[in-house]
Amino acid sequence: MSGFNKVVASYDEAMAGLKDDMTIIAGGFGLCGIPEGLIAQIQKMGTKGLTVVSNNCGVDGFGLGLLLEKHQIKKMVASYVGENALFEKQLLDGELEVELTPQGTLAEKMRAGGAGIPAFYTATGYGTPVGEGKEVREFNGRPHILEESVTGDFAIVRAWKADTMGNCIYRHTAQNFNPMAATAGKITVVEAEEIVQPGELAPTEIQTPGIYVDRVIQGQFEKRIERKVTRDA
Amino acid sequence: MALTREQIAMRVAQEFKDGSYVNLGIGIPTLAANYVPDGVAVMLQSENGLLGMGRYPTEDEVDADMINAGKETVTASVGASIFSSAESFAMIRGGHVDFTVLGAFEVDCNGNIASWMIPGKLVKGMGGAMDLVAGAKNIIVTMTHADKHGNSKLLKECKLPLTGVNCITHIITDLAMLEVKEGAFHLVERAPGVSVDEIREKTEGELVVNGDIPEMRI
């Protein structure tokens, strides 16, 4: 087996090393493009005190909402958490801490974290509660706030196709936060809909180069839809 | 007569220039997509990573991997592109989106907007709104001019926690279209049958009225 073969055979192997109080960066937007099996594995492991960085926190009983059921999340960093009654309860009970972060700042925190840039200035959030206590500096006559980037002990990612070397492509809007999350984990685990052999994905179509990826697992996805809206044919 | 939600959306859509890139918030802004004038082509940006948002899918076209920022199933239009959240907000923060339309609880005559949080109520998050108001070239706010008790929502100074400062340029309400500049609301158009006096009465911030104010054409 080549040293570049990153495929693991079980979810236990995929999340091996995850411990209490670690930080997890998760791809996905709502329930779209979430690593369903890896989240279920974290729930099964029962790891506690987690800080989870993700745009949303799933819904009751699905996605990251599963981790709320077993009180595994200590702190959530997200841009929108309105889809989840259990989240609301734990927040009001003081059991859960939340750091609401503008969506673009969240994406950039992951991108910068993965790229070795510890902080960046942005106009987003200046003059709002998000900017309180943060360093302000003026560029081109406009005030900006300093935002620190994020990295995780683990990053969990959903890909459409991954080759055994960890090169990934994403499907439609299931891409969302996944490519940035993939760069920002000390250990990045990709759950793929399909695992292919090296060479099957054209080099120019690869969206996440395998250098960012540590483990690849074949996933099974329910792909639940949050708001199905249709028009007449 | 005050405008309906649909009529506000129609007036918003008249602002779109042919060949512009537009981000529409949830609610009335989304309705504006239905009223883009003939001969005007716009590309709709959805901040979860889709430029060229198309119609809702037919039952056969539904795909869990194709959603918009409101988490609704959608399709892509001809010429669409799909990208990451970082790319999406590079477009937004980099000033590449021509128009952003969003709702608000309050605005004030310094161009500040409050749209995401009411203290004492549960806060669900700002999503992409803070990035959008900080980054777009032209921001159109759609809202009712006053709340259900008749209190103005166009204020001297916002009372609620802000979404962005000094960023709002245009407001389209059920009563009027206004431009925000030089620390005041400048009345541009009246809703059909609505008097300047009524608009003045329902505008707490300074209102500038220059000459005859035309009625909107809906």
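Predicted model: local features only at pLDDT ≥ 70, side-chain atom pairs only at ≥ 80, totals over all residues.
A residue is called buried under 20% relative accessible area, exposed over 50%, and partly exposed in between (1.4 Å probe, protein chains only). Residues are numbered from 1 along each chain as its sequence is written, chains are lettered from A and ligands numbered from 1 in the order in which they are written, and side-chain values use heavy atoms, leaving out hydrogens and water.

- For C168(A), the nearest cysteine sulfur belongs to C32(A), 16 Å away.
- C109(B) is in no disulfide either, with the sulfur of C158(B) the nearest at 9.1 Å.
- C109(B) is buried too, at a relative accessible area of 7%.

**Aromatic rings**
- Rings of Phe, Tyr and Trp (its six-membered ring) pair if their centres lie within 6.5 Å; planes under 30 degrees apart are stacked, over 60 edge-to-face, and the rest tilted.
- There are two such pairs over all chains, including a tilted one between F16(B) and F99(B), with 5.8 Å centre to centre and 55° between the planes.
- Those two residues are 83 residues apart in the chain, and both F16(B) and F99(B) are buried.

**Charges over rings**
- Here NZ of Lys or CZ of Arg must be within 6 Å of the ring centre and within 35 degrees of the ring normal.
- R158(A) has its charged end over the ring of F221(A), 4.4 Å from the centre.
- R224(A) lies over the face of F62(A), at 4.1 Å from the ring centre.

How values were computed. Helix = DSSP H or I, 4+ residues; strand = E, 2+ residues; numbered from the N terminus. Disulfide = S-S within 2.5 Å.
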